[in-house]
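Please read them with the coordinates open.

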Amino acid sequence: MLSEDIRDGRFLRLIDGLLQAGYLEDWRYHETLSGAPQGGILSPLLSNIYLNRLDRYVETTLLPVYNRGDRRRPYPPYMRMHKAVWKLEMKGQWEGTRQMRRELQRLPSRDPDDPDYRRLHYVRYADDWLLGYTGTRRETEDIKAKIGKFLGYRLKLELSEHKTLITHGRTEPARFLGYEIVVHNNDAKHDRHGHRSINAAIGLKVPMDVVRAGRKPYLRRGKPAAILSRAHDSDLRIVARYQAEFRGIAEYYQMAYNRHRLGLLRWIMERSLTKTLGHKNKISVNKVWHRYRATWQTPAGPRRGLQVTVERGPGKRPLVARWGGVSLARRTTRVVLKEDLPTIWRKRPAELIDRLMAGRCELCQARTDVETHHVRRLKDLQPGNRAEQPEWVRLMASRRRKTLIICRDCHDGIHNGFPERQALRNAALESDVR
């Protein structure tokens, strides 16, 4: 599949070597019999390339078939009762209408079994994908069968029966990328206008097995305990490591509406942290708090926690590690993704870009359209006798650069050989950037 669009043999051989290199698990080598090793650097990239055909199949074949209707039709029982309530209120007969309106709140306003309304949504991240469908179970099983048939015939893949499940969003959560995805249904939740506000809305939850697995390393016999293997580290490193571990879990689940469930994990980790510092410094937990207690400002307001500061001498900022200050409130604001990342390591454009933008041939000094001559290795520029070498070789060797910005005429001359210059004894592989 890669060779259909990529013509670089070296790149394809590199990918093949990485796929056959094997992997280490518990410091033991295992051969790669098929596929890409789990957690390998190539796994997400190859998944996107290989499953791109699945994306196109779903978008061009399934979505047009299983998406129809603009809106569900009104639910007849709801409309009949709503009309009866309206007539009684127009006549001034208010007795009994309050109870009828309560019954209205228990009925759907739109027909949940409308045969003319269907919706299919598809999302994929690497090799994990999820389909959300509004329709009957028979149609859902038909979609699953079609995808399984496509994967088997076109991509030579098999659906895992214990992982590829059909779940009802209101009765059983679906697992995707570590989240539990549910469909809300609560007639008691209203907006400021008195309308039901969360029914049929999608909600994200923190799975409780994730919380239980996260607190397990910090417990001993069911209680928070010190991690003795970290006692040899400095106080700064201990606090920074605990904070990084909790922040990683808390920030990953920042879109979950039950993110507050991580409060128990935070308490257990905090107790384990203070006991670890107390074991290292031979002091009690209360003395740990007395020594390192601090308050600082966060975007959510002032927060109190533990802070370890290490001075580094005059002219240098101290090293600071903090525990706490991570809010467990659900993030409700929209995050704008920025495609252009800020430049961190360079304050100016790369040298090669400057040379290309100058538009000047570095051999004949002509101002014209330029190209890039590129050698594979600097050692391919044989030192030898400088007088016998071509001018472009001497120029690249003196600059210690594998690139040379030249015009089209000079570039053709390098490949065809200047009459008055001697070609390289070992020709270097070259690529053009036009």
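1. Y179, Y252 and Y253 are linked into a cluster by ring pairs. The model is a predicted one, and the aromatic pairs in it number seven.

2. One of the aromatic pairs is F246 with W323, with ring centres 5.8 Å apart and 55° between the planes. The pair is classed as tilted, because an edge-to-face pair needs planes over 60 degrees apart. F246 belongs to helix α8 (residues 235–252) and W323 to strand β12 (residues 319–323), so the contact ties together parts that lie 77 residues apart in sequence. Both partners are buried: F246 has a relative accessible area of 2%, and W323 has one of 1%.

3. The charged end of R230 sits over the ring of Y242, at 4.9 Å from the ring centre.

4. Which residues of helix α10 are buried? In this helix, residues 285–292, they are V288, W289 and Y292. Viewed down the axis of α10, the buried residues fall within an arc of 95°, so they line one face of the helix. An α-helix has 3.6 residues a turn, so residues three or four places apart point the same way. N286, K287 and H290 are exposed on the other side of α10. The packing partners of the buried residues of α10 are α8, α9 (263–281), β10 (293–298) and β11 (301–310).

5. R271 is located in helix α9. Its relative accessibility is 32%, so R271 counts as partly exposed. Leaving aside residues up to four places away in sequence, R271 touches P224 and V285. The C-alpha atom of R271 is separated by 15 Å from that of R291, and the two residues are 20 places apart along the chain.

6. The second largest pocket has a volume of about 320 Å³. Its lining consists of 17 residues, of which E251, P299, G325, V326 and S327 are the closest to the pocket centre. The largest share comes from α8, with three residues.

7. Helix α12 covers residues 391–399, and its buried residues are W392, V393, L395 and M396. Seen down the axis of α12, these fall within an arc of 165°, so they line one face of the helix. They pack against β13 (370–374), β14 (403–407) and α13 (408–416). After α12 comes R400, which has a positive phi, near 55°.

8. T403 is placed in strand β14, one of the elements against which the buried residues of α12 pack. Is T403 buried or exposed? At 15% relative accessibility, T403 counts as buried, because the cut-off for that class is under 20%. Not counting residues up to four places away in sequence, T403 touches L352, R355, T372, H373, H374 and M396.

Terms used:
Residues numbered from 1 in each chain as written. Predicted model: local features only at pLDDT ≥ 70, side-chain atom pairs only at ≥ 80, totals over all residues. Heavy atoms only, no water. Buried < 20%, exposed > 50% of the residue type's maximum accessible area, 1.4 Å probe, protein only. Helix = DSSP H or I, 4+ residues; strand = E, 2+ residues; numbered from the N terminus. Arc of directions from axis to C-beta. Contact = heavy atoms within 4.5 Å. Phe/Tyr/Trp six-rings, centres within 6.5 Å; stacked < 30°, edge-to-face > 60°. Lys NZ or Arg CZ within 6 Å of the ring centre and 35° of its normal. 1 Å grid on protein atoms, 1.4 Å probe; cavity = no way out; pocket = protein on both sides within 12 Å on 5 of 7 lines; lining within 4 Å. Points joined across faces, edges and corners; volume = space filled by probe spheres on them.
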